[in-house]
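Trainee: I would like to learn how to read the features of a structure, one at a time. Could we go through one together?

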Amino acid sequence: GLLLATIVCMLTGGLPIGVLCMLVIPLMYICGCVETPAAALAGFQNQSAFFMLASFGLTCAVTRVPLSRRLMRGIITKAGRNVNTVLLAIMLCCGLLSSIVSNIAACSAFIPLVLDFLSIYENEDERMLIALPTASMIGGMITPAGGAVNVIAITYLENLASVNVTFLDWVAIFGPIAIVAFIAAYFIIRAVFKPAELTQDAIHHYLSKLEIPEKIGKDEIRVCVIIAAMLICWILGTWFSFFNIMVVAMVGVGIMMLPGIGVFGWKDFVKEVNWTAFFMLGTLIGLTGLLRTNGVVKWLTSIMDLSSIATSDFVFVFVLALIGFLILIVMPVGPTLVTTLAVPLVAVAAAANMSPVMLICTTVMCATCCFLFPIDVVPLLTYGYGYYEMADMPKSNAIIQVILCLLSAIWLPVICGMLF
């Protein structure tokens, strides 16, 4: 009841999320859900909460150095023969960056670069600012570091289904989906929105305005080396439990703040952290953990008989994905979709002898790629500049979402059957 009331309050916006969490935590003890006040704070003892904190540190590091601009200049210089290859370069750079930092930060980092590029057009080109959030949200699926919803899903699978999803497991699940979806998104956006061509001189003029130091600075080298080392350790964590995903992230971010390295300082980190998201994650982890220990998940499993409808993993995942995208039209809050559906879907998986990872990952795909209309936070970042209308984004992105549904229905049953 407390979890349901919390989710309803989050959806209706009756209380600020931070205030809601401050009330829910003591209510767990007052209502008798836990035996001690300390138990009400169990969600904040979960490693995912501190992995989220570390991910904000990665965002702070990447946005303080000209890494994104240098990456884009390099790709445009090599392949920027015309406006279509420039579009591909922008999408590729944003998607890659979004795989290791939050998609909000990745999209925000590239908006000034894209606006500068659009300034060389005589007429408006809406597709660049539609492609940017689309690429960042698709890229956000690839690794657990790509967004808070990924961390939430991993935690729920561990707490509710006792399934441990490693860094490499996650990449194997979402990497192929993201790559194919990214390629499809590029060609679809390119086909739907046809801009005027630009000359090589115009493209070179844009590159000259990026103001990137010719020499790679010390901070930029440090960020690249530390992030590369973190990625290697995360991959090794698939086989060696010593390289825990949270431990690696916190050590990496801590090193970036050490005196003498100083990529950013403690005060910069504190400003970058989204404390509302941190409180929301810790509170929801605590609540969902109680559902398992108090027998709620087991009870839901016992009353569900889905043998008649769960005859095909392909059909089930495809329909679930479509429903997820439809829900997000009226409830455009990705993490809330996962938190709302996680418990019943784990029960569904147990009752129908299906993989809980397959079903939870379907909701993650929907929550991450909530770009049918510019009503999620990420597309709203570009919509506010007035280059495109509300009805423009579905022209391309409705097709992309259907493709994502098909890709998930084809790939998730296969890979989840192999890994879990």
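Mentor: The model is predicted, so local features need pLDDT of at least 70, side-chain atom pairs count only at pLDDT 80 or more, and totals for chains, interfaces and linings use all residues. Residues are numbered from 1 along each chain as its sequence is written, and side-chain values use heavy atoms, with hydrogens and water left out.

Trainee: Is Val319 buried, partly exposed or exposed?

Mentor: Buried means under 20% relative accessible area, exposed means over 50%, and partly exposed is in between, with a 1.4 Å probe and protein chains only. Val319 has a relative accessible area of 38%, so Val319 is partly exposed.

Trainee: Which residues make the nonpolar surface patch?

Mentor: Patches are made of residues with over 30% relative accessible area and no salt bridge, with like charges joined within 9 Å and nonpolar side chains (Val, Leu, Ile, Met, Phe, Trp, Tyr) within 5 Å. Here Phe314, Val315, Val319, Ile323, Val402, Leu406 and Ile410 make a nonpolar patch of about 550 Å², an area that comes from the Shrake-Rupley method with a 1.4 Å probe, for which, in the case of residues, only the protein chains shown count as cover. Helix H16 (313–330) and helix H20 (393–419) each supply at least two of its residues, and H16 gives the most, with 4 residues.

Trainee: How do the axes of H16 and H18 cross?

Mentor: Two packed helices are described by the angle between their axes and the distance between the axes. Axes are lines fitted to C-alpha atoms, for helices over the stretch in contact, and angles run from 0 to 180 degrees between N-to-C directions. The axes of H16 and helix H18 (residues 356–368) come within 9 Å and cross at roughly 35 degrees. In contact, which means heavy atoms within 4.5 Å, residues of H16 including Phe316 and Leu320 meet residues of H18 including Met358 and Thr362.

Trainee: How many salt bridges does a search of the whole structure find?

Mentor: A salt bridge is a side-chain nitrogen of Lys or Arg within 4 Å of a carboxyl oxygen of Asp or Glu, and the search finds 2. One of them joins the side chains of Asp392 and Lys395 (3.1 Å, N to O); Asp392 counts as buried at 12% relative accessibility, whereas Lys395 is partly exposed at 47%.
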